[in-house]
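Here is a short report for a first look at this structure. Start with the view below, then read on.

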Amino acid sequence: MKRIALLALSLWATQAGAQTMSRGEYVARAGDCMACHTAADGAPLAGGLKFATPLGDIYSTNITPDKTHGIGSYSYDEFARAMREGIAKDGHHLYPAMPYPSYAKMSDDDLRALYDYLIKEVKPQATVNRESDIPWPLSMRWPLGVWNSLFVDDKPFTPRADKSAAWNRGAYLVQGPGHCGACHTPRGVGMQEKAFDERDEQFLAGEELNGWYAPSLRGLKMSEEDLAVLLRDGRSKHAALSGPMDEVVTNSTQYLTDDDNRAIAGYLLSLPGSEPAKGDAPKVAKAEMENGHQLYARYCATCHASNGEGAEYAVPALKDNLTVNADNPLTLLRVVLEGGKTAVTQGHLPYSMPGYGWALSDQDAADVTNYIRGSFGNHAAPATPAQVKEAREQQHNE
């Protein structure tokens, strides 16, 4: 118990690289505040970023210390209530696009440091908050109080005595400030996350959200060091991140200490994978597989190689690739159609992959996707032309 009691749960790091920023800024980076509260071409943390919901679009709020439009008039207790319970200073409920069910796990020390940073270090911006596009009466906020009572557990993170300090540190970062479950955990009928920690096998088991599929983070097949490097740089020896995750690396995980990224990696690698589904995946017709092979040779093999091994630290391998083997092919389809790029980090310029939606019919895109998902040791279920069409629509809806 003494070892657990000494666990440094607060986000203040001792490594030299992290000491170029204040403790509160480090917490803000770990919580990825910048990504959600900064609109394209907008002032930092001044809000205005659009989030699509089944009821209509909503927009992130101004969290600079402006006293009229931001949080400058918030006391610490009012700020902590918003972070942990999703209730604003004036008493209205926040939409759970703000991941307060995860932030509820954050320690008092981290929340206090974050508050001090936002109030004392961030430049105020007199940016007016944008109202949601949700029509009345669906826009009424009081039902969110019922939603909170049903689905939100506002208890802070409790370390496990049977686990190491590093494991508990990783668990805290993943479950709390990192709010990984907000994207990677399946949602229930009320759009609530079905689980909030490793005690439930649905935690981080993958989910489709905002036009992308966040794959399962359970049963990962890579070393702790490779995963930590992937979080820091957006790419490692055999893998690379693109889509929404490149923004997470750009705005958040590249700023974490190596110890913290290793702690996150160690925790994620401790999560067992789900039992594989019984029975063989549907077969792809021979002619479609051959077409996919030819298309792969024409558009993909130059970079990913004919055997799918890619190029170390530059082009991701396709075997055991999370995106390639995800249950839902949506993200892979979008990369095939739109292309992708790795994260912009302090140490690396991004690598880009062109999109081929202009050259591929829906059937062609399905064929090359299915060739990739069924080759190089992969055994993922095939995609359909209808899913390709849906992926194109997701791109146009953004």
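The model is predicted. Met140 sits in the loop that links α6 (108–120) and α7 (143–151). Met140 also belongs to a nonpolar surface patch, together with Trp136, Trp142, Val146 and Leu150. The accessible area of this patch is about 620 Å² in total.

Helix α10 spans residues 224–233. Its buried residues are Leu227, Ala228, Val229, Leu230, Leu231 and Asp233. Among the elements that cover them are α11 (244–251) and α12 (258–269). After α10 comes Gly234. The phi of Gly234 is positive, near 80°.

Strands β1 (residues 50–53) and β2 (residues 56–59) run antiparallel and are joined by 4 bridges. They form a hairpin, with 2 residues between the strands. Thr53 has Gly56 in β2 as its bridge partner.

The UniProt record, an unreviewed entry, carries the annotation "domain: Cytochrome c". According to that record, the annotation covers residues 19–122, 165–272 and 287–376.

| Span | Distance between end C-alpha atoms | Helix | Strand |
|---|---|---|---|
| residues 165–272 | 20 Å | 42% helix | 6% strand |
| residues 287–376 | 19 Å | 47% helix | 7% strand |

Methods. Residues are numbered from 1 along each chain as its sequence is written. This is a predicted model: local features need pLDDT of at least 70, side-chain atom pairs count only at pLDDT 80 or more; totals for chains, interfaces and linings use all residues. Side-chain values use heavy atoms; hydrogens and water are left out. Patches are made of residues with over 30% relative accessible area and no salt bridge: like charges are joined within 9 Å, nonpolar side chains (Val, Leu, Ile, Met, Phe, Trp, Tyr) within 5 Å. Accessible areas come from the Shrake-Rupley method with a 1.4 Å probe; for residues, only the protein chains shown count as cover. A salt bridge is a side-chain nitrogen of Lys or Arg within 4 Å of a carboxyl oxygen of Asp or Glu. Buried means under 20% relative accessible area, exposed over 50%, partly exposed in between (1.4 Å probe, protein chains only). Contact means heavy atoms within 4.5 Å. UniProt positions are given in the numbering used here, feature names are shortened, and annotations may be inferred rather than shown by experiment. Two strands pair if DSSP finds at least two bridges between them.
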